[in-house]
Amino acid sequence: MFDTIVIATDGSASVRRAVSVAVDLAERFDASVHALYVIDAGDVETAPDRLRDEMRDALTERGEEALAEVEAATDREVTVAVREGRPAAEISNYAREVDADAVAMGTRGRHGENRFLIGSVAERVVRTCPVPVLTVRQLEAGTTDSLLSDEAA
């Protein structure tokens, strides 16, 4: 059912549960895992001209760290990619390029505290992505994650 799963990550704490759920799903279906980090072109473009290269480099470094976290979450081989552009569009485009069966992502990322509903990027991906999108919300402190327990298998 699932041969290729794309995990969209921004490295935020709220995406860690989405990574765990997606990796579990990939292991259950023996699916290949792709991890994608998108440098938000809007963040780079709004920086002063003299700082844009530094901003891009810092965001690229953050992306590499976020992708390394996905790789560390599984023993499976993970194909990683860093893209630059509008996050929702890049996630949907990447899913098409790799012929993904599903995209997994958190509902709140770096900008989550300022967003309504499930977050603007997640909401746009849900509306525009050509494949099913698994959105995983961050649990509140002290809540047990029954989705990831062995008993849930």
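Predicted model: local features only at pLDDT ≥ 70, side-chain atom pairs only at ≥ 80, totals over all residues.

**Exercise 1.** Leaving aside its neighbours within four places in sequence, which residues is Ile5 in contact with?

*Solution.* Residues are numbered from 1 along each chain as its sequence is written, and side-chain values use heavy atoms, with hydrogens and water left out.

Step 1: Contact means heavy atoms within 4.5 Å.
Step 2: With those sequence neighbours set aside, Ile5 touches Ala22, Leu25, Ala26, Ala31, Ser32, Val33, His34 and Ala102.

**Exercise 2.** Find the largest nonpolar core and say which residues have the most contacts inside it.

*Solution.* Step 1: A nonpolar core is a set of buried Ala, Val, Leu, Ile, Met, Phe, Trp, Tyr and Cys residues joined through side-chain atoms within 4.5 Å. Buried means under 20% relative accessible area, exposed over 50%, and partly exposed in between (1.4 Å probe, protein chains only).
Step 1: The largest core has 21 residues, and Ile5, Ile7, Tyr37 and Val70 have the most contacts inside it.
Step 2: Helices (H or I, at least four residues) and strands (E, at least two) are DSSP runs, numbered from the N terminus. Two or more residues of this core come from each of E1, H1, E2, helix H3 (52-72) and E4. H1 gives the largest share, five residues.
Step 3: Another core, of 16 residues, lies apart from it, with Val6, Ala81, Ala100 and Val131 among its members.

**Exercise 3.** In what order do the five strands of the open sheet come?

*Solution.* Step 1: Two strands pair if DSSP finds at least two bridges between them.
Step 1: The order is E3-E2-E1-E4-E5, with parallel pairing. Strand E3 (78-85) and strand E5 (133-136) are the edges, each pairing on one side only.
Step 2: Look at one pair: strand E1 (residues 4-8) and strand E2 (residues 32-40) are joined by five bridges. Here Ile7 stands opposite Ala35 in E2.
Step 3: Helix H1 (residues 16-29) packs on the sheet, where it touches E1, E2, strand E4 (102-106) and E5.

**Exercise 4.** Why is the pair formed by the rings of Phe2 and Phe29 edge-to-face?

*Solution.* Step 1: Rings of Phe, Tyr and Trp (its six-membered ring) pair if their centres lie within 6.5 Å; planes under 30 degrees apart count as stacked, over 60 as edge-to-face and the rest as tilted.
Step 1: The ring centres of Phe2 and Phe29 are 5.1 Å apart and the planes are at 80°, so this pair is edge-to-face.
Step 2: Phe2 is in the segment before E1 and Phe29 is in helix H1, so the pair ties together parts 27 residues apart in sequence.
Step 3: Phe2 counts as buried at 15% relative accessibility, whereas Phe29 counts as partly exposed at 34%.

**Exercise 5.** Which residues are linked with Arg56 in a network of salt bridges?

*Solution.* Step 1: A salt bridge is a side-chain nitrogen of Lys or Arg within 4 Å of a carboxyl oxygen of Asp or Glu.
Step 1: Arg56 bridges to Asp53, with the closest N and O atoms 3.6 Å apart; both lie in helix H3, three residues apart, about one turn of the helix.
Step 2: Arg56 also meets Glu84 in a salt bridge (2.9 Å, N to O). This pair links distant parts of the chain, helix H3 and strand E3, 28 residues apart.
Step 3: The network therefore links Asp53, Arg56 and Glu84.

Notes
Axes fitted to C-alpha atoms, helices over the stretch in contact; angles between N-to-C directions.
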